[in-house]
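Please find below a colleague's note on the structure shown here. It is set out as numbered points.

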Amino acid sequence: MAVKKVTIIAIQEKYLDTITKQVKEIIGDNVIIQSVTVKDLQCHTVSDGAIVVISNSQIKGLVTQLIPRDCPIIIAKRDINYTNSKELVSLPPGQEILVVNDNVSNANETVESLRETVFEHNYHAYIPEDSIPETIDYIVTPGERHLLPQGLSNVIDIGSRLLDISTFEEIINLLEMDYSKSQIIRRYFKACVSLSGNDNYDSHAKDIRHIAQYHFKDIISESQSMKEAVELAKQYSLAHDARYIHIGGEQGTGKNMFAQAIHNFSRKSDQPFVSVNCASKDSDEIELILFGAANQDDVFQLAGNGTVCIEEVEELPLDIQGRLFQLFNAKDFSQIVITTSTQNCQELVEKDLFNRDLFNLFNKNALNVPALSERMEDLLPLINNIKQRIKRNDITFTSKVIEFFKDYSWAGNVKELYNVITYLSLLEEDPIGMEFLPFHLRARADEQKFKNIEVNKSIISKIEKRGFLDESIKILSAFYEGKKEYISYGRNALKKQLEEKGLTLTEQQLRMRLEVLQELGLTIVRQGRAGSTISRKGEAFIEDYFTSIINK
Ligand SMILES: Nc1ncnc2c1ncn2[C@@H]1O[C@H](COP(=O)(O)OP(=O)(O)OP(=O)(O)O)[C@@H](O)[C@H]1O
């Protein structure tokens with residue numbers, strides 16, 4: 001009987017890794033599990049007869065064009081991993097909770113699931129267009145913490161949503177596997193437990209890869225800085241003494257693509273290309289990969305006479321960096337060794353966080369792939385290239401969206417652009433306007449909203465604890481009005497000003513209140529005659545305080 005195969009397809013790599021791990025835990029002992037992101041899906045990726053599980057219905061149209069006709073498709077349903085909701089369950093009932101997810105419909109779905117299960121709290125889905133309810137005690141997100149501004153202390157991450165149990169029943173039915181219902185349930189919960197708190201499970205923890213599919217002609221390089229990077233990379237590929245080559249650049253800039261192109265352009269092109277990512281691997285694992293064991297070949301053996309690419313080399317523990325340097329010195333390598341890093345290794349060397357000898361070795365032939373935000377000439381050609389790759393030349397964007405793309409920071413660089421365009425291509429809209437942009441792009445503009453939740457709530461409760469909220473509001477208002485007229489106040493002048501507003505305080509009382517406001521960063525106290533004034537934070541606080549009262 002033919003071996004059964006399940007292929008899982010999703011847009012986001014990280015999410016794909018999580019659900020793949022879940023599927024492996026549940027049925028991996030009997031079935032071959034393959035996973036592929038939408039961006040890597042090609043006509044021949046999925047084998048005939050494989051069962052295809054797709055992460056959501058929106059990608060169905062795109063996926064159907066690229067898989068064999070006889071493959072059954074299951075659209076996954078998703079559910080919270082309840083083993084992660086302990087913190088939520090342990091809160092006193094009646095908390096006001098804002099639920100943030102990567103788009104509104106997912107946020108609504110998560111709210112529904114929470115209402116059915118952890119039902120003792122009040123949930124509100126975060127909708128970018130709407131204002132956030134004023135009294136929010138906690139923000140809950142299923143594995144999308146990165147969407148939130150940093151520094152919020154009241155965030156509970158309940159981890160990515162997993163495939164729900166009915167999806168497994170469907171898969172198991174189609175595979176004609178002989179599992180009883182209780183067996184499925186047991187395996188399902190075991191997987192939930194083993195994946196709980198496991199969102200750090202990283203896409204990089206993948207095994208060694210052996211593909212070099214990109215050539216220099218595939219690298220979009222309209223900008224001068226990219227042209228120069230490609231030129232330099234070509235020189236290194238052809239130089240016989242360039243045995244160690246280093247590629248630096250932010251995440252998603254195309255470093256791995258460069259590594260593959262270098263290999264394919266070099267004298268090693270007919271030899272193997274082996275690449276390994278050092279991030280998120282523990283010491284033992286990486287040691288085994290780099291130095292092998294009695295029963296396991298190391299990467300250099302696997303690469304034969306070809307190219308080894310060590311990605312995110314800065315993640316290697318220092319002792320392994322040292323051993324790697326010794327290895328390079330001791331043995332006369334015939335391979336090309338390409339290293340990549342997202343951090344600036346020179347700076348790490350200065351801080352004793354990176355092995356200087358190793359750095360000096362590979363820094364002789366180093367190149368940097370510029371961040372996408374520094375080469376906006378590449379943006380439109382890249383978008384066109386992505387549209388071609390996903391066979392969606394027809395989609396168009398409004399000029400506002402294009403302007404937004406040009407201003408946007410693209411912290412995830414081309415990888416992020418790829419994900420955004422793929423996501424937008426799934427919508428049946430033309431042209432695509434600002435309102436359809438994925439949530440995380442729009443959420444950036446909303447950072448202030450989130451800051452207010454935290455800042456104001458905690459400031460108010462800190463002042464309230466001292467028992468003088470109303471007085472503090474009056475003091476801050478006096479400063480606020482003064483600042484508009486470019487007036488700052490010494491303590492006596494302020495005291496007078498407050499008395500005119502009907503607030504009489506003793507010197508001692510005023511000093512105490514001022515000290516607290518200063519501690520909270522709401523005022524700036526200057527010595528001598530300059531007097532005190534309200535800080536920017538204080539201004540934002542007072543504006544928001546009054547807005548919230550008006551809106552009540
Ligand atoms: N200049 C480019 N032209 C065309 N496609 C590109 C370009 N740069 C990157 N890409 C595409 O973007 C994706 C990310 O590239 P790649 O994996 O090489 O980045 P990376 O810098 O190695 O990322 P990370 O550091 O996150 O591992 C790939 O799918 C690649 O096809």
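The points below cover the basis of the model, the ligand shell and a helix pair.

1. This is a predicted model, in which local features need pLDDT of at least 70, side-chain atom pairs count only at pLDDT 80 or more, and totals for chains, interfaces and linings use all residues. Residues are numbered from 1 along each chain as its sequence is written.

2. Around the ligand there are 17 residues, of which Ile220, Gly254, Lys255, Asn256 and Val414 come nearest; a residue is near a molecule if its C-beta atom, placed from the backbone, lies within 6 Å of it. Two or more residues each are given to this shell by helix H8 (255-265), helix H14 (379-389) and helix H16 (413-425). Helices are DSSP runs (H or I, at least four residues), numbered from the N terminus.

3. The shell around the ligand comprises 6 nonpolar, 8 polar and 3 charged residues. Here Ala, Val, Leu, Ile, Met, Phe, Trp, Tyr, Cys and Pro count as nonpolar, Asp, Glu, Lys and Arg as charged, and the others, Gly among them, as polar.

4. Because domain 3 (216-370) and domain 4 (373-445) both give residues to the shell around the ligand, it lies between them. The domain bounds come from an automatic or database domain assignment.

5. In helix H19 (residues 469-484), Lys474, Ile475 and Ala478 meet Leu494, Gln497 and Leu498 of helix H20, contact being C-beta atoms, placed from the backbone, within 7 Å. By class, the contact of H19 with H20 has 4 nonpolar, 1 polar and 1 charged residues.

Note on methods
Contact = placed C-beta atoms within 7 Å.
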